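Student: Hey, I've got this one open on my screen. Can you walk me through it?
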Amino acid sequence: MTGPVHLSAAQARRIALAAQGFGVARPDMAAARHLRKTARDLGVIQIDSVNVVSRTHYLPVFSRLGHYPRETLEAEAWGKTPSLFEYWGHEASLLPLESQPLFRWRMARAEAGQGLWSGTSRFGRERRAYIDGILTEIEHRGPVTGGDFATGPRGAPGWWSWSDGKRALEWLFWAGKITTATRRGFERVYDLTERVLPAAVVNRPTPDPADAQRDLVRASARAMGVATAADLRDYFRLPPVDARARIGELVESGELLPVTVEGWDRPAFMDPTCRKPRSISARALLSPFDNLIWFRERTERLFGVRVRLEIYTPAHKRVHGYYVLPFLQDEAITARVDLKADRKAGVLRVQAAWREVGTNTETPDALAEELRLTARWLGLDRVEVVGHGDLASALADRISCAGRPGSHPNR
């Protein structure tokens with residue numbers, strides 16, 4: 001019996017980037033079909049409320065496809081004929097509609113009080129009659145928001161500041177009884193799942209939990225190319241025991257190939273169908289919640305860069321800034337920038353710009369071009385470098401020399 005395949009660190013990195021949709025030419029103007037393919041290839045797009053630059057679910061598509069109308073994503077997620085639905089995939093997520101049956105085991109466990117946040121689980125046990133009453137109300141009333149049930153005591157900020165009605169809605173969402181019909185601003189509008197999702201999806205047979213989990217591990221492997229067991233588990237936040245069993249089964253069937261990777265301190269697995277490019281040409285600003293970098297241990301293994309979310313860090317303790325986006329330049333993360341979209345002034349502000357180990361002489365020009373593209377996509381007039389960091393001066397020079405956004409074509 002032959003041993004595992006051995007990959008160099010560079011080979012693993014290129015496989016991972018290709019699996020995530022990098023290394024192919026961006027379309028001149030991405031359309032709905034491009035977005036749907038990206039969403040299917042990624043398998044999941046994380047949702048987050050932070051809107052300092054753009055809400056994060058818009059950014060992974062932009063990072064891979066370049067300029068596209070943000071309304072296109074809204075139509076695919078919450079339009080009349082959506083291709084995406086909301087559920088707990090990685091965190092709160094947009095997921096391809098066809099994958100909904102694969103999460104019914106999670107919905108069933110949530111209904112049984114398993115796999116929930118502790119407060120949600122306890123609320124479900126103690127207030128089930130109240131929750132059932134909320135569900136009946138939705139059946140008769142139609143789409144609702146958390147504000148429609150803003151009753152009950154409130155506590156400290158965070159989950160405990162929710163009203164009882166909002167807690168009931170979140171429990172019903174976890175259990176798959178209701179889903180997001182649309183959003184008003186960023187507020188969810190809920191309705192019964194069978195009234196929101198197409199009948200073809202709702203009526204699809206529910207797979208056995210083990211079969212569904214194997215499909216999710218397969219999807220994780222396709223989306224990552226090469227990954228450790230922890231990487232595969234984290235992508236859809238599978239329970240550890242279930243993930244270990246499903247990975248073992250897929251290795252046994254030959255659908256996952258054991259590999260070793262130079263510099264990785266643990267075994268890994270490779271999708272047998274993955275692309276293995278000899279080089280990657282790419283340029284992208286990455287949301288802190290982008291699939292490529294959301295698992296910080298994997299990011300450090302792939303790129304040798306420590307990425308930390310500093311939003312919740314007191315300002316005086318932040319190292320790189322408040323909302324920091326790493327810059328992917330070909331096969332390396334070569335910089336990171338703290339960005340803020342000043343919509344009133346029409347400015348994309350670079351509040352800090354930092355070099356990384358892979359920074360090269362082309363980095364300031366490449367980053368400046370991507371920042372201009374980002375500003376144009378956001379509907380902003382210009383980019384301004386106003387902050388600090390060891391790359392700020394060189395970046396400011398490139399920005400000031402280039403003029404207004406749109407003066408350089410997207411590659």
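Student: How many bridges join strand S2 to S4, and do they run parallel or antiparallel?
Tutor: This is a predicted model, to begin with. In it, strand S2 (residues 45-46) is joined to S4 by 2 bridges, and the two run antiparallel. In S4, Ser 93 is the bridge partner of Gln 46.

Student: And what about S3 and S4, how many bridges join them?
Tutor: There are 5 bridges between S3 and S4, which run antiparallel too. A hairpin of 3 residues takes the chain from S3 to S4.

Student: Is S4 itself enclosed or open, and why?
Tutor: Strand S4 (residues 92-96) is largely enclosed by the rest of the structure, because 5 of its 5 residues are buried. Buried here means under 20% relative accessible area.

Student: Which residues of S4 point which way?
Tutor: Ala 92, Leu 94 and Pro 96 point one way, while Ser 93 and Leu 95 point the other way. All of them are buried.

Student: OK, switching to helices. How many of the residues in H8 are buried?
Tutor: Helix H8 (residues 164-174) has 11 of its 11 residues buried, so "mostly covered" is the description for this helix.

Student: Which are the buried ones?
Tutor: The buried residues of H8 include Asp 164, Lys 166, Arg 167 and Glu 170, and also Leu 169, Trp 171, Leu 172, Phe 173 and Trp 174.

Student: What do they pack against?
Tutor: The strands they pack against are S3 (84-88), S5 (178-184) and S6 (187-192). On the helix side, the partners are H5 (104-111), H6 (118-126) and H7 (128-141).

Student: What's going on just after H8?
Tutor: Gly 176 sits there, and it takes a positive phi of about 80°.

Student: Which residues have a positive phi without being glycine?
Tutor: Arg 237 is one of them, with a positive phi of about 50°. Asp 330 is another, with phi near 60°.

Student: Where is Arg 237, and how accessible is it?
Tutor: Arg 237 lies in the loop between helix H12 (229-235) and helix H13 (240-252). Its relative accessibility is 31%, so Arg 237 counts as partly exposed.

Student: How does S1 connect to S8, parallel or antiparallel?
Tutor: They run parallel, and 3 bridges join S1 to strand S8 (residues 257-261). For a landmark, find His 6, which stands opposite Thr 260 in S8.

Student: Is Cys 274 buried or exposed, and what about Cys 401?
Tutor: Cys 274 has a relative accessible area of 10%, so it is buried. Cys 401 has 71% relative accessibility, so Cys 401 counts as exposed.

Definitions and conventions:
Residues numbered from 1 in each chain as written. Predicted model: local features only at pLDDT ≥ 70, side-chain atom pairs only at ≥ 80, totals over all residues. Heavy atoms only, no water. Buried < 20%, exposed > 50% of the residue type's maximum accessible area, 1.4 Å probe, protein only. Pairing = 2+ DSSP bridges. Helix = DSSP H or I, 4+ residues; strand = E, 2+ residues; numbered from the N terminus. Contact = heavy atoms within 4.5 Å.
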